[in-house]
Structures are given as structure tokens and as C-alpha cells.
Amino acid sequence: MSRARTGKYTIGQVVRHRIYPFRGVIFDVDPVFANTDEWYEAIPEDVRPHKDQPFYHLFAENAETEYIAYVSEQNLLPDESGEPVRHPQVSEVFERSEDGSYRRRFEVLN
């Protein structure tokens with residue numbers, strides 16, 4: 001039986017992938033794997049992460065493009081570059097603080 005646990009990273013935190021050259025801002029967290037089996041099986045077996053850990057939704061970017069990524073906690077590290085993330089959706093969801101971190105924008109509903 002799988003047990004959900006608290007994520008190591010937080011929404012708005014900038015992280016980078018441990019193996020692949022991309023980074024991004026976390027915008028959602030699943031306590032355990034919550035994607036399709038097809039997506040999971042497409043990951044090469046030798047690098048396939050365990051499902052029983054938090055998975056993070058990122059506004060991600062690499063040298064060529066911006067996209068949405070879904071990454072296991074074991075494959076993330078804090079990004080300490082201090083560089084802003086250029087993904088276009090970041091500014092729709094977050095405001096950048098003086099210290100370079102991101103915090104959710106709260107829109108006033110009428």
C-alpha cells in the first residue's frame with residue numbers, strides 16, 4: 001500500500017532536473033504519481049522513478065523551448081542560479097519576489 005508524504009519542494013520554488021538540462025517553477029504537487037500508465041511506461045526502465053513519492057508540475061524551460069513538465073521528487077534539485085524563469089505562464093500565475101522566489105498571484109474576484 002502506498003503512503004502519501006509531504007513534498008520536499010514548494011509551489012513557487014525554482015528547481016532543476018537532476019539528469020536532464022531543464023529547470024522550472026513548481027505550480028502544483030501530487031503527493032504520489034497521478035499521471036497515466038502510458039506516460040509512466042514511456043520512461044526508460046533504468047531511469048523510471050518510483051510512483052510512491054511526490055510528483056511536481058513545472059512551468060519548465062530548456063535552452064530551446066518552454067513547456068509543462070511532470071517530474072518525480074527524486075529527480076529534482078533546488079535551482080540556485082537566481083535567474084528568472086522565462087516560461088510565459090509564470091507571470092500569469094506568479095509574481096517574482098525581490099529575493100528571486102515566486103509567489104502566487106491572487107486575483108480579486110468581483
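In the predicted model, Arg 103 and Glu 95 form a salt bridge (a side-chain nitrogen of Lys or Arg within 4 Å of a carboxyl oxygen of Asp or Glu), with the closest N and O atoms 3.6 Å apart. Arg 103 is partly exposed at a relative accessible area of 44%, and Glu 95 likewise counts as partly exposed, at 31%; here buried denotes under 20% relative accessible area, exposed over 50%, and partly exposed the range in between, computed with a 1.4 Å probe on protein chains only. Residues are numbered from 1 along each chain as its sequence is written, and side-chain values rest on heavy atoms, with hydrogens and water left out. Because the model is predicted, local features require pLDDT of at least 70 and side-chain atom pairs count only at pLDDT 80 or more, whereas totals for chains, interfaces and linings use all residues.

The structure holds eight salt bridges, and a network of them links Arg 23, Glu 61, Glu 66, Asp 79 and Arg 86. Arg 23 is buried at 14% relative accessibility, as is Asp 79 at 15%. A salt bridge of 3.8 Å, N to O, joins the side chains of Arg 86 and Glu 61. This second pair links distant parts of the chain, with Arg 86 in the loop between E5 and H2 and Glu 61 in strand E3, 25 residues apart. Arg 86 is partly exposed at 41% relative accessibility, whereas Glu 61 is buried, with a relative accessible area of 6%.

Strand E3 (residues 55-61) is largely enclosed by the rest of the structure, because seven of its seven residues are buried. Both of its faces are covered, with Phe 55, His 57, Phe 59 and Glu 61 on one side and Tyr 56, Leu 58 and Ala 60 on the other. Strands are taken as paired if DSSP finds at least two bridges between them. E3 runs antiparallel to strand E2 (residues 23-30), to which seven bridges join it, and Asp 30 stands opposite Phe 55. Seven bridges also connect E3 with the antiparallel strand E4 (residues 66-72), where Glu 66 is the bridge partner of Glu 61, and a hairpin of four residues joins E3 to E4.

Definitions and conventions. Helix = DSSP H or I, 4+ residues; strand = E, 2+ residues; numbered from the N terminus.
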